Amino acid sequence: MGEISSFQLGVIGALFLSVASSVSIVICNKALMSNLGFPFATTLTSWHLMVTFCTLHAAQRFNMFESKPIDMKTVMLFGILNGVSIGLLNLSLGFNSIGFYQMTKLAIIPFTVLLETIFLNKQFSQKIKMSLFLLLVGVGIASITDLQLNFVGTILSLLAIVTTCVGQILTNTIQKRLNVSSTQLLYQSAPFQAAILFVSGPLVDKFLTKQNVFAFKYSPVVLAFIILSCIISVSVNFSTFLVIGKTSPVTYQVLGHLKTCLVLAFGYTLLHDPFNERNIIGILIAIFGMGLYSYFCTQENKKKQADPLGSQMKDKEGTPFLSLEKEGQEVKNSDKDSHV
């Protein structure tokens with residue numbers, strides 16, 4: 001019981017850290033890009049990842065966590081996939097209307113459910129599906145304004161959905177199959193994510209904004225907000241891996257839409273963004289859907305705890321998304337207590 005209570009506290013802490021850091025960085029980046037005129041989102045993300053890696057490297061040097069070697073090919077492909085996913089999401093935003101981009105983000109949940117059902121044999125109850133449907137409807141009502149379709153933007157959105165879903169499923173799968181902690185996986189993969197975005201970021205940003213990140217005039221205020229954004233990003237990146245590892249990719253996406261609702265509310269109260277009855281109704285429906293999702297997940301987890309043999313059989317039936325099972329068994333046998 002003590003271990004279960006400790007795990008639940010860890011999950012709550014991870015969720016709180018993810019929400020607080022994500023909302024903070026959205027507000028910081030909105031001020032940086034909208035008010036200070038720094039539009040280079042992809043390049044900024046590469047700086048986030050480099051600062052994250054340097055922070056984790058320093059923490060590892062001070063023995064705050066133990067670095068655990070992971071198969072280089074797995075880490076490299078995983079890091080590149082996540083880097084490409086970020087670039088595609090930014091390109092999707094550049095080529096599509098805000099409304100269509102929001103639809104792209106909403107589509108990640110059902111596509112993740114589909115992939116986990118097909119490749120991992122994971123089962124989602126009708127109650128869970130209903131709560132997710134209510135959540136998506138609420139967020140759609142609250143955030144989607146216009147829908148303008150174009151061929152290139154649609155292709156980019158589809159690629160962004162696929163790479164994001166696969167990347168998040170792998171984040172969960174690798175941690176569990178190879179028995180590595182969120183910190184260890186982020187430490188190993190961050191350099192590859194940072195490298196691909198550092199190379200492609202200036203090109204993507206120049207294509208989208210028609211401006212050169214290296215020719216931008218960096219005032220002290222802009223530099224201060226960039227530094228603040230990079231500091232907050234360490235918590236964002238860490239909490240992302242932590243939440244997906246402790247819960248699931250679908251739960252992380254649900255949490256992401258909670259952040260969307262909070263950002264809309266903060267935008268109205270702090271930045272005086274436009275807000276109407278439709279936004280309020282949408283946020284209330286979304287929060288109701290999140291509440292149902294949390295309740296149904298809690299009930300199902302209690303059933304699994306009451307019938308551990310049945311849940312173990314289901315877990316064994318779920319095959320890895322990549323061929324990681326052999327490495328996972330070897331690592332599990334050698335080190336079962338590596339989680340930070």
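Biologist: pLDDT stays under 50 over residues 313-340; how many contacts beyond four places in sequence does the model have for them?

Modeller: This is a predicted model, in which local features need pLDDT of at least 70, side-chain atom pairs count only at pLDDT 80 or more, and totals for chains, interfaces and linings use all residues. Residues are numbered from 1 along each chain as its sequence is written, and side-chain values use heavy atoms, without hydrogens and water. pLDDT is the predictor's confidence in each residue, from 0 to 100, and where it is low, the predicted coordinates should not be read in detail. Contact means heavy atoms within 4.5 Å, and for residues 313-340 the number of contacts beyond four places in sequence is 53.

Biologist: Which element of the protein chain has the lowest mean pLDDT?

Modeller: The chain as a whole has a mean pLDDT of 81, with 83% of its residues at 70 or more. Helix H2 (residues 41-61) has the highest mean among the elements, 94, whereas the lowest, 37, belongs to helix H12 (residues 325-334).

Biologist: How many helices and how many strands does the protein chain have?

Modeller: Helices (H or I, at least four residues) and strands (E, at least two) are DSSP runs, numbered from the N terminus. From that terminus on, the elements run α-α-α-α-α-α-α-α-α-α-α-α. The count is therefore twelve helices and zero strands.

Biologist: At what angle do helix H3 and helix H6 pack?

Modeller: Two packed helices are described by the angle between their axes and the distance between the axes. Axes are lines fitted to C-alpha atoms, for helices over the stretch in contact, and angles run from 0 to 180 degrees between N-to-C directions. The axes of H3 (residues 72-95) and H6 (residues 151-177) lie 8 Å apart, and the angle is about 145 degrees.

Biologist: Is Asn63 buried or exposed?

Modeller: Asn63 lies in the loop between H2 and H3, and its phi is positive, near 60 degrees, in a residue other than glycine. Buried means under 20% relative accessible area, exposed over 50%, and partly exposed in between (1.4 Å probe, protein chains only). Because its relative accessibility is 68%, Asn63 counts as exposed.

Biologist: How does Asn121 count at 42% relative accessibility?

Modeller: Asn121 is placed in the loop between helix H4 (98-119) and helix H5 (126-143). Phi of Asn121 is also positive, near 55 degrees. Because its relative accessibility is 42%, Asn121 counts as partly exposed.

Biologist: What percentage of the 340 residues is buried?

Modeller: The chain exposes about 17800 Å², of which carbon and sulfur atoms supply 68%. Buried residues make up 46%.

Technical notes:
Accessible areas come from the Shrake-Rupley method with a 1.4 Å probe; for residues, only the protein chains shown count as cover.
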